[in-house]
Amino acid sequence: KQWYQRRVAITAGGVKGGSEGCIFTPVQYTVQGSEAEQVSLKFFNGLKLNKKSPNFNDREQLLSNCTDMLSQLNLVLDHVKKVLSGSVVPDKELGRQLMEVVQSVPNLDTDTTTNMLNSHMQDLLAVEYLTYLTRQQLAINARINQVL
């Protein structure tokens, strides 16, 4: 489902002593916020739509984000194919924005990318291991306190 909102300016109008009414004039607007705020809003909106318990599993959240990114990339790819085939009129501003995105992606070889991913994965595994150790230490401490 898409989140749809409409903003209007309301102006009272009518005939004095007669019927009265309102004129609704559409107002242009944009929603702005930081990336963290957008992620949070998307997360809570998903909870509202799905009526499920929150998903705090990092891997499932990463999978969901990757799926969303792939669907957005497919939308862009479909639009580009339609523009190239001539079925859609090209938009210069959209073309400029796409070129900025393409140029902002760093040109990395496969070995560099693999090394970066492995390094990040090792960091993630170390954090998970330390989290597990901390939980175990807290559980041991709680049992010792119960005995004493």
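Predicted model: local features only at pLDDT ≥ 70, side-chain atom pairs only at ≥ 80, totals over all residues.
Residues are numbered from 1 along each chain as its sequence is written, and side-chain values use heavy atoms, without hydrogens or water. Local features need pLDDT of at least 70 and side-chain atom pairs count only at pLDDT 80 or more, while totals for chains, interfaces and linings use all residues.

**View 1. The protein chain has 4 helices and 2 strands.** Along the sequence the pattern is β-β-α-α-α-α. Helices (H or I, at least four residues) and strands (E, at least two) are DSSP runs, numbered from the N terminus. Of the 148 residues in the chain, 1% are buried, where buried means under 20% relative accessible area, exposed over 50% and partly exposed in between (1.4 Å probe, protein chains only). The chain exposes about 14000 Å², with 59% of it supplied by carbon and sulfur atoms; areas come from the Shrake-Rupley method with a 1.4 Å probe.

**View 2. P26 lies in strand 2, residues 20-26.** P26 counts as exposed because its relative accessibility is 61%. Not counting residues up to four places away in sequence, P26 touches R7 and V8; a contact means heavy atoms within 4.5 Å. R7 and P26 are 19 residues apart along the chain, and their C-alpha atoms are separated by 6.1 Å.

View 3. Of its 15 lining residues, D58, R59, M121, L124 and E128 are the closest to its centre. Helix 2 (58-85) and helix 4 (110-147) each supply at least two lining residues, and helix 4 gives the largest share, 11 residues. By class, the lining has 7 nonpolar, 4 polar and 4 charged residues. Ala, Val, Leu, Ile, Met, Phe, Trp, Tyr, Cys and Pro count as nonpolar, Asp, Glu, Lys and Arg as charged, and the others, Gly among them, as polar. On a 1 Å grid over the protein atoms alone, a pocket is an open set of points where a 1.4 Å probe fits, with protein on both sides within 12 Å along at least five of seven lines; lining residues have an atom within 4 Å of a point.
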